[in-house]
Amino acid sequence: MTRCTLTLRLEGPLSTAGLASAGHGVDQPFLRDHDGCMILAGTLVRGNVRHVLDAIAATAPDHLPADTVARWFGVASGSDDGQEAFASPEAWAPSSGTLRFGDLRAQNGAAATTITRIAVDEGTGSVVPGALQVLESPARPGEEVLFSGLLEAEPEALVWIERALRLVP
């Protein structure tokens, strides 16, 4: 396994909901870690990468076999690979795979900003009453922000992770 730092350069605005309150008037705070730093959950990044690699494996299995993706990302418990659902207890054992994505922390002192959204009534073209939402984001529209975190993966997986991240919008 290779341990490295994964850094993503993303363009705002960004939204990934956190649970802690961001202050009065903010409807959706950005996710933060225990130190209050804005983060992208490693599971969010992992899920997006897996989605892309599953699509590649489905369309080009000669380049990336599905069992390789399953080895890297694991198989959901209860996944019996087409066997009888209750054929064996092993079919229900979770398998988390070999990849490890840590949470990615916002870098360079990224500060929270608020962004508003509205819902427009298609019939009248005006704002739907009560449909104003205030979101917290680490970047305004068009601004870039860096997120970095730890990644543990097999060398072959690193190549495919980089390819997948280039395809995620």
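This is a tutorial dialogue on reading the features of a predicted model.

Student: What should I know before I start reading?

Tutor: Residues are numbered from 1 along each chain as its sequence is written, and side-chain values use heavy atoms, with hydrogens and water left out. Since the model is predicted, local features need pLDDT of at least 70 and side-chain atom pairs count only at pLDDT 80 or more, while totals for chains, interfaces and linings use all residues.

Student: How many helices and strands does the protein have?

Tutor: Three helices and seven strands, in the order β-β-α-α-β-β-β-β-β-α along the sequence. Helices (H or I, at least four residues) and strands (E, at least two) are DSSP runs, numbered from the N terminus.

Student: Which residues touch the most other members of the largest nonpolar core?

Tutor: A nonpolar core is a set of buried Ala, Val, Leu, Ile, Met, Phe, Trp, Tyr and Cys residues joined through side-chain atoms within 4.5 Å. Buried means under 20% relative accessible area, exposed over 50%, partly exposed in between (1.4 Å probe, protein chains only). Here the largest core has 29 residues, and L53 and F101 touch the most other members. Elements that each supply at least two residues include β1 (2-11), α2 (66-73) and β7 (144-153), but α1 gives the most, with six.

Student: What does F101 contact beyond its neighbours within four places in sequence?

Tutor: Contact means heavy atoms within 4.5 Å. On that basis F101 meets L6, G42, V45, R46, V49, F73, L150, L151 and I161.

Student: How do α1 and α3 cross?

Tutor: Two packed helices are described by the angle between their axes and the distance between the axes. Axes are lines fitted to C-alpha atoms, for helices over the stretch in contact, and angles run from 0 to 180 degrees between N-to-C directions. The axes of α1 and α3 come within 9 Å and cross at roughly 100 degrees, so the two are roughly perpendicular (65 to 115 degrees). V49, V52, L53 and I56 in α1 meet W160, I161, A164, L165 and L167 in α3.

Student: And where does the aromatic pair sit?

Tutor: A pair of aromatic rings is described by the distance of the centres and the angle of the planes. Rings of Phe, Tyr and Trp (its six-membered ring) pair if their centres lie within 6.5 Å; planes under 30 degrees apart count as stacked, over 60 as edge-to-face and the rest as tilted. F30 and F147 are stacked, 6.3 Å centre to centre with 25 degrees between the planes. F30 lies in the loop between β1 and β2 (39-40) and F147 in strand β7, so the pair ties together parts 117 residues apart in sequence. Both F30 and F147 are buried.

Methods: Angles under 35 degrees count as roughly parallel, over 145 as roughly antiparallel, 65 to 115 as roughly perpendicular and the rest as oblique.
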